[in-house]
Amino acid sequence: MSRSYLIGGAISAQQAEGGFNSHGFGDSVSDHMTALTDGKRYISKKILDKYHYPAHHGIRFFEHYEEDFKLFAELGLESFRLSISWAKLFPTGTEKSPSKEGLEFYHNILDQCVKYNIEPIVTICHNDMPMNLALEYGGWNSRELIDFYITYATCIFKEYKHKVKYWITFNELNGAMLEGIGMYLIGNFDQCDEVFDMHKIEDDPQIRLQSLHHMFLASAKAISLGREINKSFKFGSMFLGYVSYPETCKPEDQITALQNETVFLDYCADVMIGGEYSKVAKKYLERNNIRLDIEKNDLEELQKGTVDFYSFSYYSSTTTSYENKSDSVYGNLIVGGKNPHLKTTDWNWSMDPIGLEYFLLKTYSKYKIPMMVVENGLGAKDQVEESGEVNDNYRIEYIDSHLDAVNRAVEQGVEVISYTMWGVIDIVSASTGQMSKRYGVIYVDVDDDGNGNYKRKKKKSFEWYKNKISQSKQIY
Ligand code: BG6
């Protein structure tokens with residue numbers, strides 16, 4: 001069988017690179033996020049000796065990237081989604097010109113993509129920013145961040161314009177619609193103590209939604225300027241893909257599920273794809289007593305800088321009941337009802353490949369722009385056997401069934417540009433900071449406390465993924 005989309009792998013800077021406190025790099029919010037401590041993931045405003053901060057080392061991709069790219073090439077990856085660390089280029093976020101060493105590092109990474117004929121997909125801002133912008137400016141609540149972001153984005157557009165075609169302006173932007181955790185994603189810790197639980201930040205919807213408006217603007221302006229730098233750039237939105245089935249066929253469950261979706265997904269997608277706040281979005285703001293400060297020209301900017309493709313993460317699905325009765329399951333920042341028809345992962349995320357087909361079909365029918373599945377994978381507790389093997393059949397089953405779902409969607413007419421499995425090489429978990437929540441087909445020898453020799457090893461899924469890619473060669 002041949003295929004019309006690319007198959008690849010994905011990581012983010014802060015979960016993989018390391019390189020903290022070296023080469024004059026600045027520290028990011030992620031550098032202040034602790035490992036799981038008493039079941040909680042804290043953010044400390046200062047770096048404190050008593051905590052372990054997993055992003056300081058990640059998987060030492062900063063040092064190991066050449067060896068890792070050899071493995072990616074052996075796998076036959078056709079696309080590779082990475083993010084750039086804003087603080088590695090602009091340590092405090094406010095500098096006028098970038099760090100030469102930071103620029104060089106990403107040149108080296110992109111050169112590896114060129115060398116092995118792997119299409120890079122670059123996320124400009126993956127849930128992270130220089131810590132200074134969070135502490136001194138209140139993150140995206142400050143309109144000044146738009147200019148800082150534009151300086152950073154236009155710098156990388158000019159620098160890498162011959163090496164990158166696909167850009168994603170923000171990771172999972174609709175995460176900012178979530179109460180509490182949305183405050184972390186916009187980088188506003190103004191009301192937080194010196195050390196606080198990242199999952200328990202007091203919510204302020206006015207700040208969250210105003211910040212989101214600034215992020216929409218930053219994205220739109222960057223896209224307009226990017227197109228002036230290189231006409232063939234393609235820009236994507238990136239959303240946390242969400243499927244929550246009505247728990248029953250009661251009309252009340254249907255309407256609740258639909259209403260949740262209009263807030264969580266459509267609010268953002270309508271702006272980034274349609275170029276304007278929908279009437280439903282405006283009503284939502286009104287109902288919640290949120291007044292956006294929208295300046296002259298803002299709406300025009302949003303109209304001008306719409307995206308070319310819809311990219312999203314998809315891991316699991318939940319159920320919705322208007323009575324909110326059912327057991328909870330998690331799934332990438334989402335908590336919802338447990339679906340009795342689905343199995344769950346070691347981290348209680350439901351596994352639902354049909355949900356991916358459903359999401360692709362539904363979203364493509366609505367927006368009619370090409371889609372990219374930029375994150376999908378299984379976080380599991382892998383065991384290294386005495387023989388040294390990691391027999392991760394569960395991961396093979398997970399990826400295989402989700403690729404089948406993508407293929408079914410494509411057969412039904414959905415245009416898919418690329419599928420990049422999340423954490424193709426083991427990386428630090430974003431929500432828990434654990435290394436033991438492994439996603440990769442490549443194992444990295446490091447534990448939750450950062451102990452290990454960081455050696456890479458192929459899991460059973462490595463050969464399987466390699467064959468899967470080569471046997472279904474992409475035709476473009
Ligand atoms: C997405 C993020 O939310 O989910 C990734 O974009 C993250 O950065 C992924 O790693 C999986 O979540 P986790 O918490 O299992 O790492």
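A disulfide is taken here as a pair of cysteine sulfur atoms within 2.5 Å. The structure is a predicted model, in which local features need pLDDT of at least 70 and side-chain atom pairs count only at pLDDT 80 or more, while totals for chains, interfaces and linings use all residues. Residues are numbered from 1 along each chain as its sequence is written, and side-chain values use heavy atoms, with hydrogens and water left out.

With that cut-off, the number of disulfides is 0. Cys268 is buried, at a relative accessible area of 0%, whereas Cys249 is exposed, at 71%. In these terms, buried means under 20% relative accessible area, exposed over 50%, and partly exposed in between (1.4 Å probe, protein chains only).

Around it are 14 residues, of which Gln15, Glu172, Asn332, Ser431 and Tyr439 come nearest; a residue is near when one of its heavy atoms lies within 4 Å. By class, this shell holds 5 nonpolar, 6 polar and 3 charged residues, where Ala, Val, Leu, Ile, Met, Phe, Trp, Tyr, Cys and Pro count as nonpolar, Asp, Glu, Lys and Arg as charged, and the others, Gly among them, as polar. Oxygen atoms of the ligand lie 2.9 Å from a side-chain N or O atom of Asn171, 3.0 Å from a polar side-chain atom of Trp422 and 3.2 Å from one of Ser429. Of the 380 Å² that the ligand exposes when taken alone, the protein buries 98% (Shrake-Rupley method, 1.4 Å probe).

Turning to the strands, these are DSSP runs of E with at least two residues, numbered from the N terminus, and two of them pair if DSSP finds at least two bridges between them. In strand E3 (residues 79-83), 5 of 5 residues are buried. Side chains in a regular strand alternate between the two faces of the sheet. In E3, one side carries Ser79, Arg81 and Ser83 and the other Phe80 and Leu82, all buried. E3 pairs in the parallel sense with strand E1 (residues 6-10) over 3 bridges, Gly9 having Phe80 as its bridge partner.

Strand E8 (residues 243-246) runs parallel to E10 and is joined to it by 4 bridges, with Tyr245 partnered by Thr319.

Technical notes: A polar contact is a pair of N or O atoms within 3.5 Å; within protein, one must be able to donate a hydrogen and the other to accept it, and residues adjacent in sequence count only if both atoms are side-chain atoms.
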